[in-house]
Amino acid sequence: MSLHPRAIMMLVTPAVLIGLWWLYTVAFAIPPYLLPPPQAVATELWRLFAGGSIWPHLGHTLGIIAAGFVLGSAGGLALGFVLAKLPAVERLVAPYLLFLQTAPKIALAPLFILWFGLGLTSKIVLTVSLVFFPVMVGTILGLRSLPPMMSELCSILRLTPAQRFFRVELPSAVPEIFSGLKVGAVQATIGAILSEWLSGGTGLGYLMVFAGTTYKAPLLFAMVVVTALLGIAVYQVLVLSEKWLLSWR
Amino acid sequence: MLIEVQGVTKTFVSRGGEQVVALAETTLDVQQGEFLTLIGPSGCGKSTLLRMLAGLVEPTSGRIVWQGTAPARGSEVGFVFQEPVLLPWLSVLDNVRFPLDTFGVDRRAGDEAARQTLELVGLKDFARALPKELSGGMKQRAAIARALVYKPRLVLMDEPFSALDLLTRDRMNDELLAIRAEVGATIVFVTHSVEEAAYLSDRVAVMSARPGQIRTIHTIDLPAPRGEAVKDLPAFHAWLSQLRRDLR
């Protein structure tokens, strides 16, 4: 069996990088609390997954991502629809939305904790605030990008408003909506982990803070690997559903 | 007679609040079963007039009177745009059946009508293809099929072949004549091309700009059925010169 050159590169590149990392820690005798060698991180990962101690944390983070993503997307789609359909309303609220959109959500995080407590609610609210805007912007763009002739076709055929929306406008907007959803999904992952940094005793974010403050460098590195893989996985789920929904492109 | 355009005008208000006359007072009859072409430079209001016939644009003054009942449903008017405007997520068959679906025609009858119309435009073998898999000429044929599938009383075409290369355009002109002979539709056609106008039309309305108006209407007395041989006739070339003179 011959391997595809790209597949070989995908195996060789990380192997080389890990090799260099290992060589560096050995050759310069780097103390493990600064940069643990790869095998220490691998052992830690094995302990986390085989020992099962990571599952509650992973579940907690995934739960916040899912809740924040679903609620934030639903809100973004709904408001995006209203603003795309009612330009008068958009002109009225656009300046405030721009202010909220550009305000760094990390700065709002303590406020959310103040308002919604240290529990799950404030974590989900922070995640929702990060998912909401990209989805809203994508929805507005998508619904507005209908070619004028397409809109004339709907008038010629005398489509009802519902037919126009569900048969023409919404399907045409799907590509732009998906761009928003993809950004939103990545933001949801960041938001969930960030919210766990700030409060609580569960979640991947909490584990990172715990590892950092107790000088457990192998655990910290393992968590970096896990969160990076989680981000990629969440993004890929959206890319796959996009491919499936937009197979006509 | 199918439609009487009675002293219709259209004035748009520009952003600066200025009034722009897109179409000065225009009177025109569209005869049942004829091929009527509107030709003229940009800004002569030919597209505006076509959109008024479609009911897309309301006249500022004047009336458009249909013989019998005015079109109640979209099914009375077919429109072919400059671009195909196909729904890219639907197959060619689904695109052609789309108007019938929205009118509430049942699926089986819709499929049957769509297949017949696809056969008429020579796309029978591409029913399952997606629009992106078709060439420009084939896409426009699918768009024509979509405009014909519900047997409208009037078919409006807004420079439908202007985006195609010359060879494809010539072939599409011949096919349009064949399709028309088969279905006997009344067609109002907008073009920039004097060749297209003379070759296809029973009558040509020559329009001029600023303000947009009909300058003269010619009855093209070339023999029917039209075909390549017509293009060699001295009379055809006389019409081309005549139309060019009118447009100057």
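## Two chains of a predicted model

From its N terminus onward, chain A runs α-α-α-α-α-α-α-α-α-α, which amounts to ten helices and zero strands, where helices are DSSP runs of H or I with at least four residues, strands are DSSP runs of E with at least two, and both are numbered from the N terminus. This is a predicted model, in which local features need pLDDT of at least 70 and side-chain atom pairs count only at pLDDT 80 or more, while totals for chains, interfaces and linings use all residues. Residues are numbered from 1 along each chain as its sequence is written, chains are lettered from A and ligands numbered from 1 in the order in which they are written, and side-chain values use heavy atoms, with hydrogens and water left out.

### The two chains

Chain B contains seven helices and nine strands. Its radius of gyration is 18 Å, close to the 18 Å that the globule rule gives for 248 residues, so chain B is as compact as a globular protein of that length; the radius is taken over C-alpha atoms, and the rule is 2.2 Å times the number of residues to the power 0.38. For chain A the radius of gyration is 23 Å, whereas a compact globule of 249 residues would have one near 18 Å.

The table sets out further values for each chain. In it, buried means under 20% relative accessible area, as against exposed at over 50% and partly exposed in between, with a 1.4 Å probe and protein chains only. Accessible areas come from the Shrake-Rupley method with a 1.4 Å probe, and for residues only the protein chains shown count as cover.

| Chain and property | Value |
|---|---|
| Chain A, box of C-alpha atoms along the principal axes | roughly 75 × 60 × 30 Å |
| Chain B, box of C-alpha atoms along the principal axes | roughly 45 × 45 × 35 Å |
| Chain A, buried residues | 40% of 249 residues |
| Chain B, buried residues | 54% of 248 residues |
| Chain A, accessible surface | about 13800 Å², 77% from carbon and sulfur atoms |
| Chain B, accessible surface | about 11200 Å², 50% from carbon and sulfur atoms |

Chain B has 29 positive and 30 negative charges, whose mean positions are 3 Å apart.

### Details in chain A

Helix α1 of chain A, residues 5-27, has 23 residues and reaches 32 Å from its first C-alpha to its last, close to the 33 Å expected at 1.5 Å a residue, the expected span being 1.5 Å times one less than the number of residues. Just after this helix, A:Ala29 takes a positive phi of about 50°.

A:Thr61 lies in helix α3 (residues 55-85) of chain A, and counts as buried at 0% relative accessibility. Leaving aside residues up to four places away in sequence, A:Thr61 touches A:Ala192, A:Ile193, A:Glu196, A:Gly203, A:Leu204 and A:Leu230, contact meaning heavy atoms within 4.5 Å.

B:Phe35 belongs to strand β3 (residues 35-39) of chain B, and its relative accessibility of 0% makes it buried.

Helix α5 (residues 166-183) has 18 residues and should span 26 Å at 1.5 Å a residue, which agrees with the 26 Å between its end C-alpha atoms.

Most residues other than glycine have a negative phi, and most peptide bonds are trans. B:Lys151, however, has a positive phi of about 50°; B:Lys151 lies in the loop between α4 and β6 and is exposed at 65% relative accessibility. B:Glu159 has a phi near 45° and sits in the loop between β6 and α5, but B:Glu159 is buried, with a relative accessible area of 11%.

A cis peptide bond joins B:Arg210 and B:Pro211, with omega about -10°, and B:Pro211 lies in the loop between β8 and β9. The bond from B:Ala224 to B:Pro225 is cis as well, with omega near -5°, and B:Pro225 is in the loop between β9 and α7.

Conventions: Lys and Arg count as positive and Asp and Glu as negative; His and the chain ends are not counted. The place of a charge is taken as NZ of Lys, CZ of Arg, CG of Asp or CD of Glu.
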